Amino acid sequence: MSSTLVGSSVAGDPGSLQRTKPRYGEKVIKGILVMAAGVSVLTTFGIVLSILIPSIEFFSEVPIQDFLFGTEWTPLFADGEFGVVPLVTGTLVITGIAIVIAIPFGLGAAVYLSEFASPRVRKTVKPTLEVLAGIPTVVFGFFALEFLTQVVLVKIWPDIDIFNALSAGLIMGVMIIPTIASLSEDAMSAVPSGMRDGSYALGSSKRQTAMFVVIPAALSGIVAAFVLGISRAIGETMIVTIAAGLQPNLSFNPLEGMQTMTSYIAAAGSGDLSTGSIEYKSIFAVGLLLFIITFFMNTISIGLVRKFRQVYQ
Amino acid sequence: MSTDTELTDIVGGLQSKGTPVRDRIFMWALLVTLFIAISTLLVLIAYVTIKGWPRLDPKLWQNMPSIRRPENAGAQSAIMGTLWVISLTALFALPTGILAALYLEEFSHPDSKFQRFVEVNIQNLAAVPSIVYGILGLAVFARAMALGQTVITASLTLALLILPVLIISTREALRAVPRNIRDGSLALGATEWQTAWKQTLPAATPGIATGIILSLSRAIGEAAPLLLLGAVTFITFNPTGPLSGYTTLPIQIYNWTKDSREEFQILAAATIVLLLVILLLMNFTAIWIRNKTQKRW
Amino acid sequence: MTTPNQPGIRLAVSAPGMAEASILDSDIDKTEVFRLDDVTVRYGDYRAIRNVSLEVYKNEITAFIGPSGCGKSTLLRSFNRMNDLIPGARVEGTMTYHGTDLYGPKVDPIEVRRRIGMVFQKPNVFPKSIYDNIAYGPKVNGIKGKMDDLVEESLTKAALWDEVKDDLKKSAYALSGGQQQRLVIARCIAVRPEVILMDEPCASLDPIATAKIEDLMKELAVDYTIVIVTHNMQQAARVSDRTAFFTAEVDADEVRHGNLVEVGSTNAMFTNPRDPRTEDYISGRFG
């Protein structure tokens, strides 16, 4: 049975366990990998710096309190006003409409998929929701303006503005349903089945189990989904740019057009502004506010998900 | 669905005290929410298809955009622009994303401070609004690096935009490869890199491919950051290289949507159909790969 | 199936290999491959297996037996430094391989793993062809020579060649569990190790496949040194020359951990155990 295979192994000094050849390649590769992972860190720094520097210049010309509390946003006037309040209220109105749609629908879909649907149904419905999530926002914007406003909403409110917050908000709600549904469903699926069994054993129905056991147990994960969905809505650009109009409007009437923080950035940024002008810098000031708000919400959401995972894993 | 009734049947003579009306209503309410979400999708697809139908002709991809003659206008420059931008985006994003995921999943110590920092950072970046990436591209690539409003500026920006999603999905695919494949390789005297490159990565290919397709399809449909990066300029030529001006399909749709003439609305709808067909094909491919390989281990 | 009160009779009937083992045991010129001196393996603060001292001799099959949770697999994984891959794992005490400290500062774990192969509990074939499963190890180790010959030789030694020689390009996943485990053994042989560590190699196999692997082990012991972890006493009795018996104990702080009870020739241990705990275990009184 003895053969060349074994021979060569024993021929070498079995006591020497040192490296036969230096592995410089491994070190180089590891360095490259660390650099690849570092790109994301650089991106964050890039975002913060590229927003912060022009913003600081902006706030040396426009006092920060005028920016935060001013109610006039007229950057293109000769003596422009830079009060961001109308953009913030525009964002809030549209986001508010969106979450009124997205939270019940997203959560309902999640409860159905997690607690009621058969595996076969789930296998069809989940990809459909993914397709919905994959629709480009420019397409949703077109649909909001052309179909929802001009075909549906005008019939209900004949004097509705062509550009209005309502249609943008409704379609944005549809857009974030998949986000909320899939993250909430993840959270509910992570609830141990023992908890459900315990509830069924006490004679509870599926509805009671879902409402009084599963949803409370998955609550922090579900809230994380809501927060992330809201953050998505605040940061969404194309739907509002196309369907809600580009007029800053300090109003809470959803039938009127209004501008949001994102649609201001998009509109001002797509013009050919010179680098040093105050209008150019105002893009970054609004961007800073947007970044701070969404960053804050994302951090809350990530923290909630982490907390949730610690409980169930 | 029928668990309640089955239960009462088994119990036999015990008639259910009051039918579970609330349970029925609850279930139907859930179904309706799902139905509305999905039917919105169907209405959207039907609407753009019907509206865009008259212009779903070869002129759509053979001709260039035109302001004066909408009946002959096409989206060729946008199609070619999308091809250019997405190819370069893939070129930048795929190696970076896959190598970063390999590092985080296979090499880095899971409790190290760098790892934790990078992870939180990536999760945050994944949720940063896309318009903010546009601001980054405008300030850094277009102006500070003086790349201008070109294909390469757009590609670099979109690459950074999809990187977090790409890293997260690649890591999930790597994590799904069983630990004992790695052990088997290492026990044969393979190095960590040999194990990662020759065993773990190939075994994770289907999952990684799914993630690549989905993140690239996101880049294809993305419009907001490109608004800041010069894509809105009226472009009637195909890009000639990375430093060429460009437009893309979503931006062309946006431009036509802004024009109130009905012909352009129809053209926008036709272009949306084209874009959706591309994206749905990519989506189905991804889902198909995933279903085909789901139960491998 | 065990008759607790008649261990001697049952073992004498079911372990024909033991006569040879006792002859080997009397051989005093055995070459020492591993020597463990007061070895403790810990994960962070948890000491999983404590104060083990034993020797492993060349061309013998050494079996580690004991109830689950006694740390025998953990100990086995420290022989080829697979524990290095688990964050927080540490080995204390000295563990030598042919007199060289396995955990010495200049020792390269990758070189260690090349010389000391390992077969796992679940057959972990790579998701590749049968041929590529074998060729992978030699390739990553830079072994030159005719790969086809090496593949054939390795598969022959693992008693698999005749069954797969026409299907070398087929996926290894198409093989049965027993074939997969022999493929893993062939894959291990192909990098020309001196030692093969086997971590419950038959745990997921049926009795027929198990018998094949056991036969194979005895053949391989001619050329290789084998250490096998098993929870199956009969298996240890059938195949091994020496046996180390471990128990799981609970210390004063109520922490469960593994201990070595005794080590010696398989024959002696099964017929005349020195420690009452060993006797209890092999007669089926616990574990």
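Reader: At what angle do helix α12 (residues 261-270) of chain A and α13(A) pack, and how far apart are their axes?

Author: In this predicted model, α12(A) and α13(A) pack at an angle of about 155°, and their axes are 9 Å apart.

Reader: What makes α12(A) roughly antiparallel to α13(A)?

Author: The angle does. The cut-off for roughly antiparallel is over 145 degrees. The angle here is about 155°, so α12(A) counts as roughly antiparallel to α13(A). The crossing of these two helices is left-handed.

Reader: Which residues of α12(A) and α13(A) meet?

Author: From α12(A) come Met261(A), Thr262(A), Tyr264(A), Ile265(A), Ala268(A) and Gly269(A). They meet Glu279(A), Ser282(A), Ile283(A), Val286(A), Gly287(A), Leu289(A) and Leu290(A) of α13(A). By class, this contact has eight nonpolar, four polar and one charged residue.

Reader: What are the angle and the distance between the axes for helix α2 (residues 24-61) of chain A and helix α13 (residues 278-312) of chain A?

Author: The angle is about 115°, and the axes are 8 Å apart. The crossing of α2(A) with α13(A) is left-handed. On α2(A), the residues in contact include Ile51(A), Leu52(A), Phe58(A) and Phe59(A). On α13(A), Phe284(A), Leu288(A) and Phe291(A) are among them. The contact divides into ten nonpolar, three polar and three charged residues.

Reader: Why are α2(A) and α4(B) called roughly perpendicular?

Author: The range for that name is 65 to 115 degrees. Helix α4 (residues 76-107) of chain B packs against α2(A) at an angle of about 110°, with the axes 8 Å apart. The two helices are therefore roughly perpendicular to each other.

Reader: Which residues make the contact of α2(A) and α4(B)?

Author: α2(A) gives Lys30(A), Ile32(A), Leu33(A), Val34(A), Ala36(A), Ala37(A), Val39(A) and Ser40(A). α4(B) gives Thr96(B), Leu99(B), Ala100(B), Leu102(B), Tyr103(B), Leu104(B) and Phe107(B). Twelve of these residues are nonpolar, two are polar and one is charged.

Reader: How many residues do chain A and chain B give to the contact?

Author: Chain A gives 69 residues and chain B gives 71. On the side of chain A, α2(A) gives the most, with 17 residues. That side has 40 nonpolar, 22 polar and seven charged residues.

Reader: How many residues of chain B are in contact with chain C?

Author: 16 residues of chain B are in contact with 21 residues of chain C. On the side of chain B, α8 (179-187) and α9 (192-203) are the elements that give two or more residues. The largest share, six residues, comes from α8(B). By class, that side has seven nonpolar, seven polar and two charged residues.

Reader: What is the domain assignment of chain B?

Author: Domain 1 covers 3-55 and domain 2 covers 60-293. Their C-alpha centres lie 36 Å apart.

Reader: How do you know that residues of domain 1 of chain B are in contact with domain 2 of chain B?

Author: Two residues are in contact if their C-beta atoms lie within 7 Å. Seven residues of domain 1 of chain B are in contact with eight residues of domain 2 of chain B. The side of domain 1 has three nonpolar, two polar and two charged residues.

Reader: In what order do the ten strands of the open sheet in chain C stand?

Author: The order is β5-β4-β1-β2-β10-β9-β3-β8-β7-β6, and the pairing is mixed.

Reader: Why do β5 (100-101) and β6 (116-119) of chain C stand at the edges?

Author: Each has a single partner strand, so one side of each is left without a neighbour in the sheet.

Reader: How do you know that strand β4 (residues 89-97) of chain C and β5(C) are joined?

Author: Strands pair if there are at least two bridges between them. Two bridges join β4(C) to β5(C), and these strands run antiparallel. Tyr97(C) stands opposite Thr100(C) in β5(C).

Reader: How do β2(C) and β10(C) run, parallel or antiparallel?

Author: They run parallel and are joined by two bridges. Gly258(C) in β10(C) is the bridge partner of Ile49(C).

Reader: Over how many bridges do β9(C) and β10(C) pair?

Author: They pair over nine bridges, in the antiparallel sense. Thr247(C) stands opposite Asn259(C) in β10(C). The hairpin of β9(C) and β10(C) has five residues between the strands, and Glu254(C) takes a positive phi near 60° there.

Methods:
Residues are numbered from 1 along each chain as its sequence is written. Chains are lettered from A and ligands numbered from 1 in the order in which they are written. This is a predicted model: local features need pLDDT of at least 70, side-chain atom pairs count only at pLDDT 80 or more; totals for chains, interfaces and linings use all residues. Helices (H or I, at least four residues) and strands (E, at least two) are DSSP runs, numbered from the N terminus. Ala, Val, Leu, Ile, Met, Phe, Trp, Tyr, Cys and Pro count as nonpolar, Asp, Glu, Lys and Arg as charged, and the others, Gly among them, as polar. Domain bounds come from an automatic or database domain assignment. Axes are lines fitted to C-alpha atoms, for helices over the stretch in contact, and angles run from 0 to 180 degrees between N-to-C directions. A crossing is left-handed if the near helix is turned anticlockwise from the far one by less than a right angle, and right-handed if clockwise. Angles under 35 degrees count as roughly parallel, over 145 as roughly antiparallel, 65 to 115 as roughly perpendicular and the rest as oblique.
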